[in-house]
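Subject: Structure for you to look through

Hello,

I am handing over the structure we talked about, and below it you will find what came out of going through it. Please keep the structure open beside this message while you read.

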Amino acid sequence: MNTNKSEKFHATTKTEGSVCTVYLSGELDLSVAPDFRLIMEPLVGDTALDLSINMKELKYIDSTGIGILLSILKARHGMDVKFTVEEVPPQIQKLFDMTGIAKFFASQENSH
């Protein structure tokens with residue numbers, strides 16, 4: 001599935017075996033949040049798949065994007081299914097560290 005709703009944000013999903021990876025690029029902010037939610041909604045509820053978000057090409061994320069990630073984390077944790085965030089760029093990792101959410105994503109990496 002390829003979704004490009006915005007010039008500045010792009011999400012591509014790829015499923016291999018029991019792992020679905022969502023590759024993000026561009027800027028995840030308030031203007032594209034509804035599109036990102038639409039992409040993620042069916043994936044979050046699929047307990048047969050481990051879900052991973054790859055941020056290697058993500059340039060920017062705002063509080064709305066962080067909020068969506070936290071809601072995914074909470075939902076997946078409640079279903080006891082794996083959710084990881086990988087290849088976080090340094091500028092976004094710094095934001096995760098400053099807001100105190102880095103520890104939640106780091107602990108998910110090793111939870112299953």
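A nonpolar core, as the term is used here, is a set of buried Ala, Val, Leu, Ile, Met, Phe, Trp, Tyr and Cys residues that are joined through side-chain atoms within 4.5 Å. Please bear in mind throughout that this is a predicted model.

With that term in hand, the largest nonpolar core holds 31 residues, and the members that touch the most other members are Met40, Ile53 and Phe96. Two or more residues of this core are given by each of strand S2 (9-16), S3, H1, strand S4 (50-61), helix H2 (63-78), strand S5 (83-86), helix H3 (90-99) and helix H4 (102-109). H1 provides the largest share, which is six residues. In soluble globular proteins, nonpolar side chains tend to be buried together.

For the overall layout, the protein chain has four helices and five strands, and from the N terminus on they follow the order β-β-β-α-β-α-β-α-α. Of its 112 residues, 43% count as buried. If you take the contacts in the chain with a separation of 6 or more, 66% of them are accounted for by residues 24 or more positions apart.

Next come the two helices H1 and H2. Two packed helices are described by the angle between their axes and the distance between the axes. Here the axes of H1 and H2 come within 11 Å and cross at roughly 10°; because angles under 35 degrees count as roughly parallel, H1 and H2 are described as roughly parallel to each other. On the side of H1, the contact is made by Ala33, Phe36, Arg37, Met40, Leu43 and Val44, while H2 brings Thr64, Ile68, Leu69, Ile72, Ala75 and Arg76. These contact residues divide into nine nonpolar, one polar and two charged.

S2 and S3 form a hairpin with two residues between them, and Gly17 in the turn has a positive phi of about 65°.

Most residues other than glycine have a negative phi, and most peptide bonds are trans. Asp80, although not a glycine, has a positive phi of about 55°; Asp80 sits in the loop between H2 and S5 and is exposed, with a relative accessible area of 57%. Glu87 is not a glycine either, and has a positive phi of about 50°; the place of Glu87 is the loop between S5 and H3, where Glu87 is partly exposed at a relative accessible area of 44%.

Leaving out residues up to four places away in sequence, Asp29 touches Lys8, Tyr60 and Asp62.

With best wishes

Note on methods: Residues are numbered from 1 along each chain as its sequence is written. This is a predicted model: local features need pLDDT of at least 70, side-chain atom pairs count only at pLDDT 80 or more; totals for chains, interfaces and linings use all residues. Side-chain values use heavy atoms; hydrogens and water are left out. Contact means heavy atoms within 4.5 Å. Buried means under 20% relative accessible area, exposed over 50%, partly exposed in between (1.4 Å probe, protein chains only). Axes are lines fitted to C-alpha atoms, for helices over the stretch in contact, and angles run from 0 to 180 degrees between N-to-C directions. Angles under 35 degrees count as roughly parallel, over 145 as roughly antiparallel, 65 to 115 as roughly perpendicular and the rest as oblique. Ala, Val, Leu, Ile, Met, Phe, Trp, Tyr, Cys and Pro count as nonpolar, Asp, Glu, Lys and Arg as charged, and the others, Gly among them, as polar. Two strands pair if DSSP finds at least two bridges between them.
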